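Student: Please take me through this model one feature at a time. I would like the general idea before each case.

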Amino acid sequence: MDERSRSGLEFAGILDALQEGAVTPLGKERAGCLGPLQDVTHVREALTEAAEAQALLERGEEPSFTGVADIRPHLIQARVEEASLDPRSLWQIYETLLAARLLKAFFHREREA
């Protein structure tokens with residue numbers, strides 16, 4: 001998509017709104033990196049995902065992202081030989097893993113429904 005088309009569609013404003021609505025640091029980062037989809041297959045997949053998300057919201061179901069943090073720096077530090085993590089870092093990793101487990105259970109239940 002050329003710059004004129006992006007401007008006409010206010011694409012930057014859409015990305016800003018997506019970033020503002022994201023509830024996790026990784027979600028905000030990913031929303032800022034999105035671009036127009038280039039092939040029909042990816043567009044269809046994205047529309048299917050959007051329809052599924054809309055159906056969840058219409059049923060009053062909303063996954064909780066409470067506890068999800070950007071733990072990438074902690075994981076990088078943990079890879080260093082003889083490095084240690086402080087208690088706060090370990091707690092963030094724990095909370096993020098717990099949130100991931102709850103999200104997985106949520107979507108598993110929803111898939112069955």
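Student: Is leucine 102 buried or exposed?
Tutor: Buried means under 20% relative accessible area, exposed over 50%, and partly exposed in between, with a 1.4 Å probe and protein chains only. Leucine 102 has a relative accessible area of 54%, so it is exposed. Before going on, note that this is a predicted model, in which local features need pLDDT of at least 70 and side-chain atom pairs count only at pLDDT 80 or more, while totals for chains, interfaces and linings use all residues. Residues are numbered from 1 along each chain as its sequence is written, and side-chain values use heavy atoms, with hydrogens and water left out.

Student: In which helix is leucine 102 found?
Tutor: Helices (H or I, at least four residues) and strands (E, at least two) are DSSP runs numbered from the N terminus. Leucine 102 belongs to helix H6. From C-alpha to C-alpha, leucine 102 is 9.9 Å from threonine 66, although 36 residues separate them in sequence.

Student: How many aromatic pairs does a search of the whole structure find?
Tutor: A pair of aromatic rings is described by the distance of the centres and the angle of the planes. Rings of Phe, Tyr and Trp (its six-membered ring) pair if their centres lie within 6.5 Å; planes under 30 degrees apart are stacked, over 60 edge-to-face, and the rest tilted. The search of the whole structure gives two such pairs. In one, the ring centres of tryptophan 91 and tyrosine 94 are 5.0 Å apart with planes at 35°, so the pair is tilted. Phenylalanine 106 and phenylalanine 107 form an edge-to-face pair, with 5.0 Å centre to centre and 85° between the planes.

Student: Where do tryptophan 91 and tyrosine 94 lie?
Tutor: Both are in helix H6, three residues apart, which is about one turn of the helix. Tyrosine 94 has 44% relative accessibility and so counts as partly exposed. Phenylalanine 106, at 8%, counts as buried, while phenylalanine 107, at 39%, counts as partly exposed.

Student: What volume does the largest pocket have?
Tutor: On a 1 Å grid over the protein atoms alone, a cavity is a set of points where a 1.4 Å probe fits but cannot get out, and a pocket is an open set with protein on both sides within 12 Å along at least five of seven lines; lining residues have an atom within 4 Å of a point. Points are joined across faces, edges and corners, and the volume is the space filled by probe spheres set on them. For the largest pocket, the volume is about 1,700 Å³. There are 41 lining residues, and the closest to the centre are Leu18, Arg30, Glu49, Ala50 and Ala53.

Student: Which elements give two or more residues to that lining?
Tutor: They are helix H2 (11-21), helix H3 (25-32), helix H4 (40-58) and helix H6 (87-112). H4 gives the largest share, eleven residues. By class, the lining has 24 nonpolar, seven polar and ten charged residues. Here Ala, Val, Leu, Ile, Met, Phe, Trp, Tyr, Cys and Pro are nonpolar, Asp, Glu, Lys and Arg charged, and the others, Gly among them, polar.

Student: What should the 19 residues of H4 span?
Tutor: The expected span of a helix is 1.5 Å times one less than its number of residues. H4 should therefore span 27 Å, and its end C-alpha atoms are 27 Å apart, which agrees. Just after H4, glycine 60 takes a positive phi of about 85°.

Student: Which residue other than glycine has a positive phi?
Tutor: Most residues other than glycine have a negative phi. Glutamate 82 has a phi near 65°. Glutamate 82 sits in the loop between helix H5 (72-78) and H6, and at 78% relative accessibility it counts as exposed.

Student: Is histidine 74 buried or exposed?
Tutor: Histidine 74, in helix H5, has 11% relative accessibility and so counts as buried. Its C-alpha lies 7.2 Å from that of leucine 85, eleven residues away in sequence.

Student: Where is the place of glycine 35?
Tutor: Glycine 35 is in the loop between H3 and H4, and at 36% relative accessibility it counts as partly exposed. Alanine 12 is in helix H2, and its relative accessible area of 54% makes it exposed.
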